[in-house]
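Please look through the sequence and the model below before reading on. The paragraphs after them go from one part of the chain to the next.

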Amino acid sequence: MQLELRHLQAVCQIAETGSLGGAARKLGVSQPALSAQLRRIERVTGGELFVRGRRGVEPTPLGQFVLAKARRVLSEMDALGAETRARTAGAPLRLGCILLVLVDGLIAQQDLVLSGREITVDLEDSVTALVRMLGAGRYDVIVYGEVNDHEVPLPGGVLARTLVPKEPFCIRMSARHPLARLEALDLADLADDTWMTLIEDDDGGPEALVEACAKAGFVPSLRYRITDRMMQYDLISAGRAVSLCQPTAPAVAGTVIRPLIGAPIMGRIRLAWNRSTVSARQAELFYSSAARAYLANVDNNPFHRVWWDEHPEVHPALD
């Protein structure tokens with residue numbers, strides 16, 4: 001077997017996450033498959049690359065040598081992809097995003113952003129993967145979220161701008177839930193509910209939820225992790241789960257959205273772009289379009305309109 005770029009990416013991901021399980025999730029493969037791949041890589045390199053330490057798996061001296069070489073090769077390939085992309089006139093603008101409420105509206109306004117240029121859109125479940133692919137030249141622009149104090153590190157050659165610095169996460173629950181009659185919820189009152197696990201596991205959201213629930217005196221029962229929106233809504237409508245959601249989320253039959261008292265979990269929405277393929281003018285147009293898409297959803301829930309009007313400091317800057 002000869003080493004390929006995917007093998008180098010696997011080694012780097014294992015080192016970055018400190019665990020085979022975490023690396024497997026980022027790479028979109030099963031842990032047994034990644035373990036088998038690592039054994040094949042180690043046969044080629046001639047020895048163990050990782051050992052188990054106090055903080056997870058750690059690189060051996062041979063592993064550190066391979067990692068240094070792998071990162072250099074991947075960096076060169078990333079630069080090659082971005083520079084080649086920049087020289088290709090008329091190529092589609094590639095947007096990568098997490099499933100945020102504003103994405104639908106943003107796509108609808110693509111002509112304002114691109115002046116007729118073709119656009120491709122891909123959804124990702126991992127912010128880490130999204131950012132890495134931006135740095136590697138696979139995306140030109142990404143839209144993503146961060147929760148509470150979590151900050152996603154960005155690669156070189158990337159510029160970023162915050163669209164909405166904070167918005168209070170809310171709860172979507174069945175319209176038949178005993179608490180649905182309330183205008184706002186105390187998180188502690190949801191201690192006995194089953195929760196929909198957050199799709200993104202590397203934006204700070206899971207940690208923020210667990211921490212907020214701990215402060216409220218309970219450990220959340222996380223059961224469902226479902227990427228399909230309609231399946232999520234069906235489970236919530238049936239009363240089988242509650243979930244966090246953005247305050248701009250749309251109404252869905254059989255469910256209601258309620259704010260949390262004290263706003264214990266706050267989200268942040270950011271844009272990032274590859275400066276070698278996106279001009280400053282294009283980035284500004286993209287920001288304006290994303291801002292309009294967000295503002296179009298502020299009135300989806302009356303309580304968020306009230307909060308929004310009380311916090312002008314978080315409004316996106318529009319000319």
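Through how many residues does a hairpin join strand 1 to strand 2? The hairpin runs through 2 residues. Strands here are DSSP runs of E with at least two residues, helices are runs of H or I with at least four residues, and both are numbered from the N terminus. This is a predicted model, in which local features need pLDDT of at least 70 and side-chain atom pairs count only at pLDDT 80 or more, while totals for chains, interfaces and linings use all residues. Residues are numbered from 1 along each chain as its sequence is written, and side-chain values use heavy atoms, with hydrogens and water left out.

Strand 1 covers residues 50-53 and strand 2 covers residues 56-59; the two pair in the antiparallel sense over 4 bridges. Two strands count as paired if DSSP finds at least two bridges between them. In this pairing G53 stands opposite G56 of strand 2.

Buried means under 20% relative accessible area, exposed means over 50%, and partly exposed is in between, with a 1.4 Å probe and protein chains only. The buried residues of helix 2 are L20, G21, G22, A23, A24 and K26. They pack against helix 1 (5-17), helix 3 (31-45) and helix 7.

Next come the nonpolar cores. A nonpolar core is a set of buried Ala, Val, Leu, Ile, Met, Phe, Trp, Tyr and Cys residues joined through side-chain atoms within 4.5 Å. The largest one has 27 residues, and those with the most contacts inside it are L102, L106, V143, L163, F286 and Y294. At least two residues of this core come from each of strand 3 (93-97), helix 5 (102-108), strand 5 (141-147), strand 6 (158-168), strand 12 (266-274), helix 10 and helix 11. Helix 10 gives the largest share, 7 residues. Another core, of 21 residues, lies apart from this one, and F169, L179, A208 and I265 are among its members. In soluble globular proteins, nonpolar side chains tend to be buried together.

Leaving aside residues up to four places away in sequence, L106 touches L95, V143, F286, S289, A290 and A293. Contact here means heavy atoms within 4.5 Å.

Y294 also belongs to an aromatic pair. How many such pairs does a search of the whole structure find? The search finds 1. The ring centres of Y294 and W308 are 5.3 Å apart and the planes stand at 40 degrees, so the pair is tilted. Rings of Phe, Tyr and Trp (its six-membered ring) pair if their centres lie within 6.5 Å; planes under 30 degrees apart are stacked, over 60 edge-to-face, and the rest tilted. Y294 is in helix 10 (residues 280-295) and W308 in helix 11 (residues 302-310), 14 residues apart. Y294 is buried at 1% relative accessible area, and W308 is buried at 2%.

D140 lies in the loop between helix 7 (127-135) and strand 5, and R94 in strand 3, so the pair ties together parts 46 residues apart in sequence. Both D140 and R94 are buried.

Another salt bridge joins R161 and E284, at 2.9 Å from N to O. R161 lies in strand 6 and E284 in helix 10, so this pair ties together parts 123 residues apart in sequence. R161 is partly exposed at 28% relative accessibility, and E284 is partly exposed at 27%. R161 also lies over the face of Y287, 3.6 Å from the ring centre; a charge sits over a ring if NZ of Lys or CZ of Arg is within 6 Å of the ring centre and within 35 degrees of the ring normal.

D299 and R305 meet in a salt bridge of 2.7 Å, N to O. Salt bridges that share partners join D299, R305 and D309 into one network.

Definitions and conventions
Salt bridge = Lys/Arg side-chain N within 4 Å of Asp/Glu carboxyl O.
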